[in-house]
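Keep the model open while reading.

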Amino acid sequence: MLWLLPLLPLGASALVLLLRRRGPALLGAVAVAALVAVLGAAILAAAGAWVAAWPGWGPRLAPGIAAVGAGRVMAALVPAIAVPVVLYAASALRDDAGLPRLLALLVAFTGAMELLVLAADFLTLLVAWELVGACSWALVGYAWRDAARPRAAQAAFLTTRAGDLGLYLAAAAALAATGSLRFDALASGTGPSAAGPFFSVIAAGVLVAAAAKSAQLPFSPWLFAAMAGPTPASALLHSATMVAAGAYVLVRLAPALGAVAWFGPATAALGLATALAGGVVATVQRDFKRALAASTSAQYGLMFVAVGAGVPGAAAAHLVAHAGFKALLFLAAGVAQHAAGTLDLGRMRLGLALPRVAGLALVGALALAAVPPLGGAYTKEQVLAAAANGPAGDPWLAAGVLAAGALSALYGGRLYLLAFGRGGPAEAPPPSRAEVAALGLLAAFSAALSVLWLPGAGAALARAAGAPLAPATTGELALSLASIAVALAICWALWRRGALLTLGLPDAPRTEAPRANSLRTLASDWLGLPALARRAVAAPGLAVARALAAFDDRAVDAGLRAAVR
């Protein structure tokens, strides 16, 4: 049964905890074996060999799962990415006393995401949505003895929770409009035609929830708080689980939500704004993991653009490619941090000290920069084709995607040269064979996606995703390649001048050009969004809470105190 896909990793998570007193080698083997089994089951499910039952909780409440459309691809993608991440964790943190808890959380995280991508109704989706959020909170706050880590986990959790309320609203509106929580009811004859204003509520709720999970504006800064988690948690969270959930739900529900006139333009505008803003934020970062986090928001923004342009298949394709190269780059960042003792990009340049890691990370950096023939380049070109030629495509939208693509090439090249370029130490603590193997698996996955450039691969991809792609033109490809080449040339010129870290802007706290320095600082902190949120949301909210508490004490409880006297 299809229910084995989420239940097997959840059970394996409990088994890891039961065996927590055993050695890290055994725990890692159990966790990896369980995920390999899930991957095999997901491949069978994608082939149609597995079916799901619908346990009835009532006439309208029947939680169900189904392997359909992009869900089939995602069901295999999640464990495929989780296997090397867990392999890396079992080796890199083998001396950590909390390793059993970390492995159990990573495996449970995989199971929760399996439930999410297979959900066939809002009830199942909400259960999985909550489980994914809870696992991410526990992983970000993994090193809980450091007081800053639980605070960061709370910040990330509450930010995404604010958007999660939209999914509850969407589920309620769906039940009111169609009498059912099942997704297929939205696309039935009684869905959009009978929904009226309820359908707009469904679309708005899903979009807000997806934006929060996928770190789109204005929710983007929560990804910086999530960097408090260990490297394996970041690698899995950014690639195939937590952050991927929002984009996947949009891909899954886009055919039904497209009936709302404003949904496509709003989704595309939100995605493009995040892709451009995230690109700027990633380009000016000094912290390796924060730069990758900002790039995650930007790349998911491109997926939102594809959905908004009416080509969810392009978004699904880029989601798959992004999972491979982003997990690879995060694990490479973990190795670089261990070798350099810091995440400061100004103190790395580990190409000579870690040549194998540098070679594997190059695959991820080139895929992030969308350099052919890697699959990341193909899927980014599909997003451009969707923006230009999709049902809701527009020349201005395509121009924005071109600019976002150039930014991705700029920050992708900058990250790689600063982290793994030459000029740093000749020696560093070497990673273990398991760590290198984990990076190798992810690099092989990213390189294997180069087959997408072969004739007929696009049609096969569309069939696998259950959604067509937009036609691409030679002119669009030429413009895209030219913009990438210009961005990489700028990156190389700044590297040769020794100005790549600061991009030629003043970097010291005190400088003769404080305005330039303050602009760089503002850009690196998500364009001032965290400060704005504190002033416009947190401070007024706390003030209202204090006022209500005072009213409760002085007015509501006054009669009770009088009665006691």
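W262 is partly exposed in this predicted model, with a relative accessible area of 35%. Its partner in a ring pair, F263, is buried at 2% relative accessibility. The structure holds 6 aromatic pairs.

**Aromatic pairs**

- A pair of aromatic rings is described by two quantities, the distance of the centres and the angle of the planes.
- For W262 and F263, the ring centres are 6.5 Å apart and the planes stand at 65°, so this pair is edge-to-face.
- The cut-off behind that label is a plane angle over 60 degrees.
- The accessibility of the two partners falls on either side of the 20% limit for buried residues: W262 has 35%, whereas F263 has 2%.
- Y378 and W453 also form an edge-to-face pair, because their planes are at 80° with the ring centres 5.4 Å apart.
- Y378 belongs to helix α17, residues 375-389.
- W453 sits in the loop between α19 (433-448) and α20 (457-465).
- The Y378 and W453 pair therefore ties together parts that are 75 residues apart in sequence.
- Y378 counts as buried, at 10% relative accessibility.
- W453 is partly exposed, with a relative accessible area of 30%.
- Ring pairs also join F288, Y416 and F420 into a cluster.

**Helix packing**

- Two packed helices are described by the angle between their axes and the distance between the axes.
- Helix α3, residues 70-92, packs against α20 at an angle of about 90°.
- The axes of α3 and α20 are 6 Å apart.
- Angles of 65 to 115 degrees count as roughly perpendicular, and α3 and α20 are therefore roughly perpendicular to each other.
- On the α3 side, the contact involves A70, R72 and V73.
- On the α20 side, R463, A464 and A465 take part.
- By class, the contact of α3 with α20 has 4 nonpolar and 2 charged residues, and no polar ones.

**Cysteines**

- How many disulfides does the structure hold? The count is 0.
- C135 is buried, at 11% relative accessibility.
- C491 is buried as well, at 1% relative accessibility.

Notes:
Residues numbered from 1 in each chain as written. Predicted model: local features only at pLDDT ≥ 70, side-chain atom pairs only at ≥ 80, totals over all residues. Heavy atoms only, no water. Phe/Tyr/Trp six-rings, centres within 6.5 Å; stacked < 30°, edge-to-face > 60°. Buried < 20%, exposed > 50% of the residue type's maximum accessible area, 1.4 Å probe, protein only. Helix = DSSP H or I, 4+ residues; strand = E, 2+ residues; numbered from the N terminus. Axes fitted to C-alpha atoms, helices over the stretch in contact; angles between N-to-C directions. Parallel < 35°, antiparallel > 145°, perpendicular 65-115°, else oblique. Contact = heavy atoms within 4.5 Å. Nonpolar A, V, L, I, M, F, W, Y, C, P; charged D, E, K, R; others polar. Disulfide = S-S within 2.5 Å.
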